Structures are given as C-alpha cells and as structure tokens.
Amino acid sequence: MLFITEENRKRLLSSNKPDNVRLQEISDRLKKVGLRPTRQRLNIGRLLFGATHRHITADDLFQEIQTTGEQLSLATIYNTLHHFSEAGLLRRICTGSERVYFDTDTGDHHHFYVQDEDRIVDAPAGDTIINRLPEAPEGYEITKVDVVIHLKPKV
C-alpha cells in the first residue's frame, strides 16, 4: 500500500486542475525531444515535472495517477517512463532489485539506495570521487557513470 504525504496529496489535487500554461510547457518540452505530446504523456509529465525533483517507480506513479481519477494502465506508464528516459527527460536508476527508479534530475549526481526502505536519495554533491575508470572495450565509449551506494542500518 502506498502512503502519500500531505505535501504530495496537495500537489496531486492541485494537478487535477488543468493549467494550460503548465501543459503547454510540458508539450513544448516533449516536442523538443521528439516525443508527441499525447494526453497520457501530458498527464504523466504534469505529475513528474513539478517544482520538486523526484525519484519514482512506475508502480508509485500508477498509484498517484489513480488518486487523480485518471485512467492509465500500468503498461502505458512503464512505456511512457521508458520513452521519457530514452529522450533524456528522466534518468533511469537500477538498484539491483526488481524495481527501477526514474529520477527527474538528469544532471550528474549519485545516489544512496536504502535497502530496507526500498528508496533512493541523492548523495551529497561533490562527496563521491572517482579517480580512474577502466578503458572502454574497443568500439565503445563511456557516456556516463552512475554510482548507487547501497545502505542498510547498522546492527
């Protein structure tokens, strides 16, 4: 069961009221990366690209969308998140668990994965230093480095 914080509940309720300016911004953003601004993509974009940066799974987003009264299938949400990720609008974070997280902050930064809570948080900027990377195999180049630091409570 997903519990929604009061802050997220207010944001979701306010997002039920279509803001034509906001939808136009999202539409322009989608067009800029070559994605057609469908009703589903606009509605998902409205939830994702608010004022705050988020780490979210498809299942979590599905639950949020249910609270808005919008009817979207989980498959549509998965596909949309993957299209947004491929277009550079989201950053995909794999933790090794079966869940994939999507980060609305696509800039260079690293993450902590809190295993017992199954959640992602940003690692402090500048605290991770990578001294040396291996050479990429012949015919390939390194395009980015993602660091996910797994955490568990001390016993």
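Among contacts in the protein chain (heavy atoms within 4.5 Å) between residues at least 6 apart in sequence, 49% join residues at least 24 apart. The model is predicted, so local features need pLDDT of at least 70 and side-chain atom pairs count only at pLDDT 80 or more, while totals for chains, interfaces and linings use all residues. Residues are numbered from 1 along each chain as its sequence is written, and side-chain values use heavy atoms, with hydrogens and water left out.

**Overall make-up**

- The protein chain has 5 helices and 6 strands; helices (H or I, at least four residues) and strands (E, at least two) are DSSP runs, numbered from the N terminus.
- Along the sequence, the elements of the protein chain come in the pattern α-α-α-β-α-α-β-β-β-β-β.
- The protein chain has 155 residues, and 32% of them count as buried. Buried means under 20% relative accessible area, exposed over 50%, and partly exposed in between (1.4 Å probe, protein chains only).
- Carbon and sulfur atoms hold 50% of the accessible surface of the protein chain, which comes to about 10300 Å². Such areas come from the Shrake-Rupley method with a 1.4 Å probe, and for residues only the protein chains shown count as cover.

**Helices H4 and H5**

- Two packed helices are described by the angle between their axes and the distance between the axes. Axes are lines fitted to C-alpha atoms, for helices over the stretch in contact, and angles run from 0 to 180 degrees between N-to-C directions.
- Helix H4 (residues 58–68) packs with helix H5 (residues 74–86) at an angle of about 125°, and their axes are 9 Å apart.
- H4 and H5 are therefore oblique to each other; angles under 35 degrees count as roughly parallel, over 145 as roughly antiparallel, 65 to 115 as roughly perpendicular and the rest as oblique.
- The H4 and H5 crossing is right-handed. A crossing is right-handed if the near helix is turned clockwise from the far one by less than a right angle, and left-handed if anticlockwise.
- From H4, Ala-58, Asp-59, Leu-61, Phe-62 and Ile-65 meet Leu-74, Ile-77, Tyr-78 and Leu-81 of H5.
- The residues of this H4 and H5 contact are 8 nonpolar, no polar and 1 charged. Here Ala, Val, Leu, Ile, Met, Phe, Trp, Tyr, Cys and Pro count as nonpolar, Asp, Glu, Lys and Arg as charged, and the others, Gly among them, as polar.

**Helix H3 and its partners**

- Of the 10 residues of H3, 8 are buried, and the helix is mostly covered. The buried residues in H3 are Arg-41, Leu-42, Asn-43, Ile-44, Gly-45, Arg-46, Leu-47 and Leu-48.
- Helix H3 (residues 39–48) packs with H4 at about 105°, with the axes 11 Å apart, and H3 and H4 are therefore roughly perpendicular to each other.
- Ile-44, Leu-47 and Leu-48 of H3 meet Leu-61, Ile-65 and Thr-68 of H4. The contact of H3 with H4 divides into 5 nonpolar residues, 1 polar and no charged.
- With H5, H3 packs at an angle of about 70°, and their axes are 11 Å apart. H3 and H5 are therefore roughly perpendicular to each other.
- Gln-40, Arg-41, Ile-44, Gly-45 and Leu-48 of H3 meet Thr-76, Ile-77, Thr-80, Leu-81, His-83 and Phe-84 of H5. This contact of H3 with H5 consists of 5 nonpolar, 5 polar and 1 charged residues.

**Single residues**

- Ile-77 sits in helix H5 and, at 0% relative accessibility, counts as buried. Neighbours within four places in sequence aside, Ile-77 is in contact with Ile-44, Ala-58, Leu-61, Phe-62, Ile-65 and Leu-72.
- Thr-57 is in the loop between strand E1 (55–56) and H4, and is buried with a relative accessible area of 2%. Apart from neighbours within four places in sequence, Thr-57 is in contact with Leu-81, Arg-99, Val-100 and Tyr-101.
- Val-148 lies in strand E6 (residues 148–151) and counts as partly exposed at 23% relative accessibility. Leaving out neighbours within four places in sequence, Val-148 is in contact with Ile-93, Cys-94, His-111 and Tyr-113.
- Asp-118 lies in the loop between strand E4 (111–114) and strand E5 (119–122). Asp-118 is not a glycine, yet has a positive phi of about 50°; its relative accessible area is 22%, partly exposed.
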